[in-house]
Amino acid sequence: MAEIRIVPIRKIKIGSRVLCDIYSKNGSVMLRRGNIMTEAIMEKLESVGVNRVLVEAGTVELEDDEPRKTPLNNDGLPTDNIAQYRDDFLLKKEFEQGKDALLDKDIDGAQDVAKGIAGKIQTSGSIKKELDELKYGTEGVVTHSLNTAVLAGAIGIENGFAPKDIEQLVIGGMLHDIGKLYIDPEILNKKGRLTEKEYEIMKTHAEEGYKKLCDNKGVTQKVRFMAFQHHENNDGTGYPKRLKGEQILWEARILHVVDVYEAMTAKRCYKDHLLPGDVMEFVMGKYSTMFDIKAMDMFLRTIPAYRKGDLVRLSDGTRCQVLESNPINSLRPLVVDLKTMKVIDLYTDRDYLSRTVTELILKEEEVVKTQ
Ligand SMILES: [Fe+2]
């Protein structure tokens, strides 16, 4: 999903009109649609600690863009680094086959791979391990689709769905953005501001995908509508049909949460990736406006912000390792202080209630800081 981006506040052009509400990392509105970005507003946002904001693609004018770092393949899509997945990744073969099928726009092939993924993740014993393998370092529509397929399947598994429903979620995840493969790569991979016209073209991918899936008799109606409706918002502000609440297919509501989460946590050619905790805060801030509450609850039960084994730093500088994620509040896991080896429950330990996780340490040399 290319529509939501994070941009440094200083990148937004002074004097430009903002065409969407701008949100802070916890989902509260920092600047209303229609306002002109001024130096004073910028300073005010920075004074309250906001130096990155979430915007929809093409809705703010940005200062000159940095050159794209990721090379493109023959289809004009960013090259994936699926090959860099660890060799023991259970779905390695399926990801490679899925990538080929999607790039060939082969709906039957992609659907078969999705069925294989659905079968494997239901019998592997620990879907959490597979989810861990999806973290970070992936690029492009194709990998986004594969990741979304696994995440959607995980929600089905963790919430006790029937196997045939899990399979539909995985297939829907795999094929939901198929319409994007028909969008001009110049627009699809454009870094920086999309023109209004380009943005309108980008938005056609939902309906185009639906039409392509309708042309294929082997695809269920449910999967077709997952592609058609995965950008509809719970409050009727989404696209293409501005459907509301229960007008939106249940599976499309689940896919909407997963789609946004995956797009925001993964590294793409046009943006930095966000901390899962930041994304989780954003997603929770969108309770009932963008997302269906029941779908959100299922998502939060399935995908913790911080996972067992993650290295994190707390706001007081303490370096910790996550021992267990917290199913009630995934931003406050059980951790161990790596210096003193003290076990800290960030959810219940009274001495630590004012402290938060501020950094996820990916590797010793690569630290992503929160705002
Ligand atoms: Fe999409």
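Mentor: Helices (H or I, at least four residues) and strands (E, at least two) are DSSP runs, numbered from the N terminus. This is a predicted model: local features need pLDDT of at least 70, side-chain atom pairs count only at pLDDT 80 or more, and totals for chains, interfaces and linings use all residues. Residues are numbered from 1 along each chain as its sequence is written.

Trainee: Which residues of α10 are buried?

Mentor: A residue is buried if 20 or more other C-beta atoms, placed from the backbone, lie within 10 Å of its own. In α10 (residues 221-229) these are Val223, Arg224, Met226, Ala227, Phe228 and Gln229. They pack against α6, α9 (205-214) and α11. Of the 371 residues of the chain, 42% count as buried.

Trainee: How do α6 and α11 pack, and at what angle?

Mentor: Two packed helices are described by the angle between their axes and the distance between the axes. Axes are lines fitted to C-alpha atoms, for helices over the stretch in contact, and angles run from 0 to 180 degrees between N-to-C directions. For α6 (residues 163-175) and α11 (residues 250-265) the angle is about 55°, with the axes 11 Å apart. The two helices are therefore oblique to each other; angles under 35 degrees count as roughly parallel, over 145 as roughly antiparallel, 65 to 115 as roughly perpendicular and the rest as oblique.

Trainee: Which residues of α6 and α11 meet?

Mentor: Residues are in contact if their C-beta atoms, placed from the backbone, lie within 7 Å. Gln168, Leu169, Gly172 and Gly173 of α6 meet Glu251, Ile254, Leu255 and Val258 of α11.

Trainee: What are the angle and the axis distance for α3 and α6?

Mentor: The axes of α3 (residues 107-123) and α6 come within 8 Å and cross at roughly 135°. α3 and α6 are therefore oblique to each other. Among the contact residues are Ala110, Ala114 and Ile117 of α3 and Ile166, Val170 and Met174 of α6.

Definitions and conventions
Contact = placed C-beta atoms within 7 Å. Buried ≥ 20, exposed ≤ 12 C-beta atoms within 10 Å, placed from the backbone.
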